[in-house]
Amino acid sequence: MEKENKKILLVEDDQNFGAILKDYLMLNDFDVTLAKNGMEGFEKFKKDNYDLCILDVMMPYKDGYTLAKEIREKNKEIPIIFLTAKTMKEDVLKGYKVGADDYLNKPFDSEVLLMKIKAIIQRKSSETKPENIKFEFQIGQFHLNSKLRFLTFPGQDQIKLSPKENELLKMLALYEDDLMPRELALTKIWRDDNYFTSRSMDVYIAKLRKYLKEDPKVEILNIHGEGFRLVVHK
């Protein structure tokens, strides 16, 4: 049986850019619906089922943040990627607070967007299938049971993680080999992003690195100004 293409709602008020991006995504086997503003985007969203939404932030009639809130009221799980020319940290944080899964600043590399779309759809599908609600992870030689908060290494005593250590390591594991955005982790785990919560997360990252040093192939990389990346070297 032929596999159905994943459906994307693209809401972009720059019609030329929107048309080019739509064509590019369709060439890469996505079924794309294009809307030219937030009001039209929400109408199209209500009439069909989508696998992912790509929203421009600055739009007439209804901006991307407002549209994302309305989409989230209808569907709490659908992945949302924001496209924006704005680079202020407050804007990025606002995007994550209304439920964004990722954020791309214009201009961006279309291949990077494509990789993010594929990674997010794959991650969401594994998270939302009832039989696949993941709480056990293999991280190199480590085994994480996030339900019991146990981190286990062969021949060593189990480490009982604190709730925040557990949530942070679980999120890193879900994003393995991909960027885990700093602001996303702070809003999901700490429910806020300010100087103190940011420094607190750095302390927790240092603790996790200390636990994971038993396996030299496991590394938490700091992606400057962006976030962290859990890597298991082959």
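In the chain of this predicted model, residues 24 or more positions apart account for 53% of the contacts with a separation of 6 or more, a contact meaning heavy atoms within 4.5 Å. The model is predicted, so to speak, with rules attached: local features need pLDDT of at least 70, side-chain atom pairs count only at pLDDT 80 or more, and totals for chains, interfaces and linings use all residues. Residues are numbered from 1 along each chain as its sequence is written, and side-chain values use heavy atoms, with hydrogens and water left out.

The overall picture comes first. The chain has eight helices and twelve strands; these are DSSP runs numbered from the N terminus, with helices (H or I) of at least four residues and strands (E) of at least two. Along its principal axes the C-alpha trace spans about 60 × 50 × 30 Å. For 234 residues a compact globule would have a radius of gyration near 17 Å, and the 19 Å of the chain agrees with this; the radius is taken over C-alpha atoms, and the globule rule is 2.2 Å times the number of residues to the power 0.38. Of the 234 residues, 45% count as buried, where buried means under 20% relative accessible area, exposed over 50%, and partly exposed in between (1.4 Å probe, protein chains only).

Eight of its nine residues are buried, so H7 is largely enclosed by the rest of the structure. The buried residues are Arg182, Glu183, Leu184, Ala185, Leu186, Thr187, Ile189 and Trp190. Their cover includes helices H4 (89-97), H6 (163-174) and H8 (195-212), together with strands S10 (180-181) and S12 (227-232). Arg182, found in H7, counts as buried at 17% relative accessibility. Leaving aside neighbours within four places in sequence, Arg182 touches Ser198, Arg199, Met201, Asp202, Glu226, Gly227 and Phe228. Just after H7, Arg191 takes a positive phi of about 65°.

Two of the helices that cover H7 can be described by their axes, which are lines fitted to C-alpha atoms over the stretch in contact, with angles running from 0 to 180 degrees between N-to-C directions. The axes of H4 and H7 come within 9 Å and cross at roughly 50°. H4 and H7 are therefore oblique to each other; angles under 35 degrees count as roughly parallel, over 145 as roughly antiparallel, 65 to 115 as roughly perpendicular and the rest as oblique. H4 passes H7 in a right-handed crossing, a crossing being right-handed if the near helix is turned clockwise from the far one by less than a right angle, and left-handed if anticlockwise. Lys89, Val92, Leu93, Tyr96 and Lys97 of H4 make this contact with Glu183, Leu184 and Thr187 of H7. By class, four nonpolar, one polar and three charged residues take part; Ala, Val, Leu, Ile, Met, Phe, Trp, Tyr, Cys and Pro count as nonpolar, Asp, Glu, Lys and Arg as charged, and the others, Gly among them, as polar.

With H8, the axis of H7 comes within 11 Å and crosses at roughly 95°, and H7 and H8 are therefore roughly perpendicular. Here Arg182, Ala185, Leu186 and Trp190 in H7 meet Thr197, Ser198, Arg199, Ser200, Met201, Asp202 and Tyr204 in H8. This contact has five nonpolar, three polar and three charged residues.

Elsewhere in the chain, the axes of helix H2 (residues 38-47) and helix H3 (residues 64-74) come within 10 Å and cross at roughly 15°, which makes H2 roughly parallel to H3. Their crossing is right-handed. Gly38, Gly41, Phe42, Phe45 and Lys46 in H2 meet Leu67, Glu70, Ile71 and Lys74 in H3.

Asp56 sits in strand S3 (residues 52-56) and is buried, with a relative accessible area of 4%. Asp56 and Leu83 are 27 residues apart in sequence and 4.7 Å apart in space, C-alpha to C-alpha. Beyond neighbours within four places in sequence, the contacts of Asp56 include Val11, Gly64, Leu83 and Lys106.

A few backbone details complete the tour. Most residues other than glycine have a negative phi, and most peptide bonds are trans. A cis peptide bond joins Lys106 and Pro107, with omega about -5°. Arg149 has a positive phi near 65° and lies in the loop between strands S7 (142-145) and S8 (150-152). Asp177, in the loop between H6 and S10, has a positive phi of about 70°.
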